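Reader: I have a structure open and would like to work through it slowly with you. Could you take my questions as they come?

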Amino acid sequence: MKSTRLTGRLAREYQTIAHMMQIYCKDHCGQVERDQGICPQCRELLDYAETKLDRCPYGDTKPTCAKCPIHCYKPEPKAQVREVMRYAGPRMLLRHPIEALRHLLDERRPVPKRPPMRSNRARKRPPAER
Ligand SMILES: [Zn+2]
């Protein structure tokens with residue numbers, strides 16, 4: 001599953017969360033119609049996560065969500081995503097070991113002092129509108 005609007009580090013992060021959602025959905029969501037391994041309800045949450053990645057003020061210097069000082073998720077999707085991560089996190093090491101390791105390494109990077117305020121979305125706007 002690839003993001004159509006994210007690039008670089010953010011696109012990789014999307015890929016990782018999409019894989020986590022696939023693992024979680026397969027084991028929790030029962031017999032539902034799945035598009036690319038994910039049910040409509042989980043798709044909605046994944047789309048929400050993609051939008052948040054797109055608008056992250058850290059842009060390509062984004063820290064991992066667990067360490068981020070900005071609380072950009074609303075309480076409900078935040079609780080849902082946390083649940084997905086708790087379940088799928090350990091399982092990622094077996095299913096997608098390289099992504100899982102990369103995330104663990106990212107987890108150890110220091111959080112940038114201040115967001116450069118150049119989100120993926122902002123960088124795509126023409127200069128006059130910035
Ligand atoms: Zn699901």
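Reader: Where is Tyr73 found?

Author: Tyr73 sits in the loop between helix 2 (40-55) and helix 3 (75-95), where helices (H or I, at least four residues) and strands (E, at least two) are DSSP runs, numbered from the N terminus. This is a predicted model, in which local features need pLDDT of at least 70, side-chain atom pairs count only at pLDDT 80 or more, and totals for chains, interfaces and linings use all residues. Residues are numbered from 1 along each chain as its sequence is written.

Reader: Why does Tyr73 count as partly exposed?

Author: Tyr73 has 17 C-beta neighbours inside 10 Å, and therefore counts as partly exposed. A residue is buried if 20 or more other C-beta atoms lie within 10 Å of its own, exposed if 12 or fewer, and partly exposed in between, with C-beta atoms placed from the backbone.

Reader: And which residues is Tyr73 in contact with, leaving aside neighbours within four places in sequence?

Author: Apart from those neighbours, Tyr73 is in contact with Lys52, Lys78 and Val81, where contact means that the C-beta atoms of two residues, placed from the backbone, lie within 7 Å.

Reader: Changing topic, how many helices and strands does the protein have?

Author: The secondary structure comes to five helices and zero strands, so that the pattern read along the sequence is α-α-α-α-α.

Reader: How do helix 1 and helix 2 cross?

Author: The axes of helix 1 (residues 8-28) and helix 2 come within 10 Å and cross at roughly 160°; axes are lines fitted to C-alpha atoms, for helices over the stretch in contact, and angles run from 0 to 180 degrees between N-to-C directions. Helix 1 and helix 2 are therefore roughly antiparallel to each other, given that angles under 35 degrees count as roughly parallel, over 145 as roughly antiparallel, 65 to 115 as roughly perpendicular and the rest as oblique.

Reader: Which residues meet there?

Author: Leu10, Glu13, Tyr14, Ile17, Ala18, Met21 and Cys25 of helix 1 meet Cys42, Leu45, Leu46, Ala49, Glu50 and Leu53 of helix 2. By class, this contact of helix 1 with helix 2 has eleven nonpolar, no polar and two charged residues, where Ala, Val, Leu, Ile, Met, Phe, Trp, Tyr, Cys and Pro count as nonpolar, Asp, Glu, Lys and Arg as charged, and the others, Gly among them, as polar.

Reader: What about the angle between helix 2 and helix 3?

Author: Helix 2 and helix 3 pack at an angle of about 105°, with their axes 11 Å apart, and are therefore roughly perpendicular to each other. The contact is made by Leu45, Tyr48 and Ala49 of helix 2 together with Pro77, Gln80 and Val81 of helix 3, and by class it has five nonpolar, one polar and no charged residues.

Reader: Now Gln36, please: what is its phi?

Author: Phi of Gln36 is near 55°, a positive value in a residue other than glycine. Most residues other than glycine have a negative phi. Gln36 is placed in the loop between helix 1 and helix 2, and with 10 C-beta neighbours inside 10 Å it counts as exposed.

Reader: Last one: what percentage of the 130 residues count as buried?

Author: Of the 130 residues of the protein, 23% count as buried, and the C-alpha trace spans about 50 × 30 × 25 Å along its principal axes.
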